[in-house]
Amino acid sequence: MREDVESLDIKDVTANWVNSIVLTAQIEDRIKALADLSHTPLFFGRLDYLHAPGAELAEGAGGERFYIGRRHVHDAEGDPMVIDWRAPVSQPFYRASKKDPQDIGLRRRFGYTGGELTAYEDEHLSDPAESAEVSKLLQAEIERPRVGPMRDIVATIQPEQDEIVRSGLSGSVCVQGGPGTGKTAVGLHRVAYLLYAHRERLARTGTLVIGPNKSFLHYIEQVLPALGELEVKQATVDDLVTRPGCEVRGADPAATAVVKGDARMAQVLRRAVRAEVSAPQEALMVVRGSRRWRVPAYELQEIVTELQERDIRYGAARDALPQRIAHAVLVRMEQAGEAPDDRVQDAVARNAAVKAVVKEVWPALDPAKLVLRLLAEPAYLAQHADGVLTEDEQKLLLWPKPFRSVRAAKWSAADAVLIDEAADLIERTPSLGHVVVDEAQDLSPMQYRAVGRRCTTGSATVLGDLAQGTTPWATQSWAEALGHLGKPQAVVEELTAGFRVPREVIAYASKLLPDISPGLAPVASVRETPGSLAVAPVPAEELAGAVVAAVRQALAHEGSIGLIAADARIPVLAEALAAAGLAVLAPGEETTAASRLTLVPASLAKGLEYDYVVLDEPAAVVSGEADERTGLRRLYVCLTRAVSGLTVLHASPLPVALA
């Protein structure tokens with residue numbers, strides 16, 4: 001298939017050089033999409049239908065066989081050899097069962113080792129004599145060592161996951177999923193499915209995956225290309241909202257960040273923007289040739305008031321104002337017997353006197369300068385926050401030492417979101433066709449609004465776990481979060497079956513749930529791995545040495561190793577590992593067979609996974625956060641990063657729930 005594309009000659013089919021450049025780029029993209037991926041087989045399953053799909057289910061009618069894979073593959077004649085996993089005919093591979101065979105006689109799973117076919121497993125779904133059994137190949141795939149970046153789960157998607165993956169483009173979906181339930185993979189595979197089912201529409205409008213940090217995005221960046229999707233953009237919320245000249249160089253205290261992230265700030269900004277418009281005080285005189293045309297102040301006021309009441313963007317209304325004024329002048333011209341046309345109206349709108357009125361009444365507005373004034377001038381903030389924020393909250397917002405200019409200001413991440421909100425009040429933010437936001441429980445209401453602006457005319461997939469909210473402004477309920485996102489009608493789906501974290505480990509971590517997220521159902525792991533959890537007290541002076549020994553023991557196993565510790569403990573442990581001759585990777589760096597140990601600050605552990613995890617001093621993880629509840633949530637995240645085994649070492653007492 002790749003050679004066919006490479007051999008295409010476009011000399012005789014391009015009308016001009018522009019067409020030639022566009023077509024050449026499309027061919028290059030197609031060649032990239034058809035690249036072979038090492039150790040990635042073209043097919044992983046087979047379906048034998050009792051009757052050809054779409055045919056009458058008459059007795060004696062012949063069946064049909066399909067091989068299922070990551071990509072559509074056809075032979076030299078164009079006949080399909082492998083069917084894309086996203087095609088409707090592939091759906092029974094994920095959803096058919098003994099209770100509901102969906103006209104499938106046989107489902108075959110293929111097992112691979114390093115790209116080589118090593119096993120297969122058959123299920124005769126329509127045979128009542130054969131009992132249903134757990135797939136050993138499925139279990140082996142779920143339990144495979146985690147080396148390298150995140151891989152697709154296309155061969156192991158479960159029925160409840162598949163329902164979410166194949167839900168329509170028009171509706172938004174929120175997925176609440178505990179550790180190891182596969183919510184991130186579900187979200188990425190949903191993007192791949194939507195691009196397959198609605199390619200032309202999403203090619204025009206675009207798709208975006210939003211992650212919590214760069215390490216996480218680096219970890220997941222190979223999933224969609226492996227499924228043949230190369231055009232999906234990835235970003236953090238900070239990437240989306242940071243404007244040139246307003247780079248984030250500062251940080252807010254937690255209490256200040258909470259107020260800046262509160263949805264009430266949108267009302268404060270809206271007031272500040274609308275207050276920039278003033279009432280015309282004098283009549284307008286437009287001179288054209290020997291004639292003068294006068295528009296009285298009260299009529300100018302009516303025009304301004306009408307634009308304000310339309311509640312359109314500040315910038316759009318400002319652009320419309322000179323045309324409205326020019327129309328008032330043209331009415332007077334017509335009343336005087338003249339016959340002006342559109343060109344005359346445009347000329348009047350560009351008249352110096354009209355421009356002067358617009359500049360005075362509806363001045364151009366810089367969103368960064370507006371936010372700068374709010375954070376630097378107590379009187380200006382009080383004017384627009386009165387009745388919205390308390391005096392104490394206003395004091396938290398004000399800079400101790402005001403900055404003189406936009407470029408001199410040390411903007412925080414929360415400030416960048418405020419500037420983005422103000423910018424949208426002035427000019428509408430372009431909307432994408434579909435946005436996926438992962439680890440959404442950590443977003444503030446204002447960050448949700450920023451994400452929502454990117455999909456006002458599109459849909460969203462929201463992924464998260466309320467129990468893993470580790471910011472002071474973490475989401476308390478999905479209904480509240482979806483309201484801030486602008487998608488209150490989104491369907492909330494809950495994944496409770498765990499496929500990554502061993503049962504013993506998730507049960508231990510779930511002891512924290514009553515304290516960190518009361519009422520949330522614990523994950524029920526399908527993986528029973530005896531001996532996967534070890535918790536050991538160690539004298540304080542021996543803790544670093546015990547951690548190094550535990551890491552060495554973990555390295556004796558196959559797969560990736562993560563040493564997770566409170567951020568403040570990272571330098572001490574890095575020094576101990578270096579002294580022991582153990583090289584480490586940073587979070588997000590790709591693990592290889594030769595380099596498998598990653599030193600992970602607790603603040604960056606979210607969304608990552610390792611075969612074996614050594615967790616250093618849980619009490620330090622908890623105390624490293626602003627409050628105990630947030631600290632326990634951070635600990636819950638750290639405890640649930642292991643795929644095969646978890647070792648917890650502590651010198652200080654464990655939290656009460658775990659003691």
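1. **Strands β2 and β4.** In this predicted model, strands β2 (residues 64–69) and β4 (residues 80–84) run parallel and are joined by two bridges. I68 stands opposite I83 in β4.

2. **The sheet around them.** The sheet is open and has six strands. Their order is β3-β4-β2-β1-β5-β6, with mixed pairing. Which strands stand at the edges? They are β3 (73–74) and β6 (116–123). Each has a single partner strand, so one side of each lacks a neighbour in the sheet.

3. **Aromatic pairs.** How many aromatic pairs does the structure hold? There are eleven. One of them joins F93 and Y94: the ring centres lie 5.4 Å apart and the planes meet at 90°, so this pair is edge-to-face. F93 has 2% relative accessibility and counts as buried. Y94, at 3%, also counts as buried, because the limit is under 20%.

4. F403 is partly exposed, with a relative accessible area of 25%.

5. **Cluster and charges over rings.** One aromatic cluster is formed by F43, Y67, F110 and Y112. R109 lies over the face of F93, 5.2 Å from the ring centre. R373 lies over the face of Y380, at 3.8 Å from the ring centre.

6. **Second largest pocket.** This pocket holds about 970 Å³ of space. It is lined by 38 residues, of which D238, D442, Q447, T471 and W473 are the closest to its centre. The lining divides into 16 nonpolar, 13 polar and nine charged residues.

7. Which elements each supply at least two residues of the lining? They are β8 (207–211), α10 (237–241), α11 (254–260), α20 (413–426) and α28 (628–639). The largest share, three residues, comes from α20.

8. **Cavities.** The structure holds three cavities of 30 Å³ or more. The second largest cavity has about 70 Å³ of space. Of its 14 lining residues, Q176, G178, L520, A521 and V523 are the closest to the centre. Two or more residues of this lining come from each of β7 (173–177) and β14 (491–495). By type, the cavity lining has eight nonpolar, four polar and two charged residues.

Definitions and conventions
Residues numbered from 1 in each chain as written. Predicted model: local features only at pLDDT ≥ 70, side-chain atom pairs only at ≥ 80, totals over all residues. Heavy atoms only, no water. 1 Å grid on protein atoms, 1.4 Å probe; cavity = no way out; pocket = protein on both sides within 12 Å on 5 of 7 lines; lining within 4 Å. Points joined across faces, edges and corners; volume = space filled by probe spheres on them. Helix = DSSP H or I, 4+ residues; strand = E, 2+ residues; numbered from the N terminus. Nonpolar A, V, L, I, M, F, W, Y, C, P; charged D, E, K, R; others polar. Pairing = 2+ DSSP bridges. Phe/Tyr/Trp six-rings, centres within 6.5 Å; stacked < 30°, edge-to-face > 60°. Buried < 20%, exposed > 50% of the residue type's maximum accessible area, 1.4 Å probe, protein only. Lys NZ or Arg CZ within 6 Å of the ring centre and 35° of its normal.
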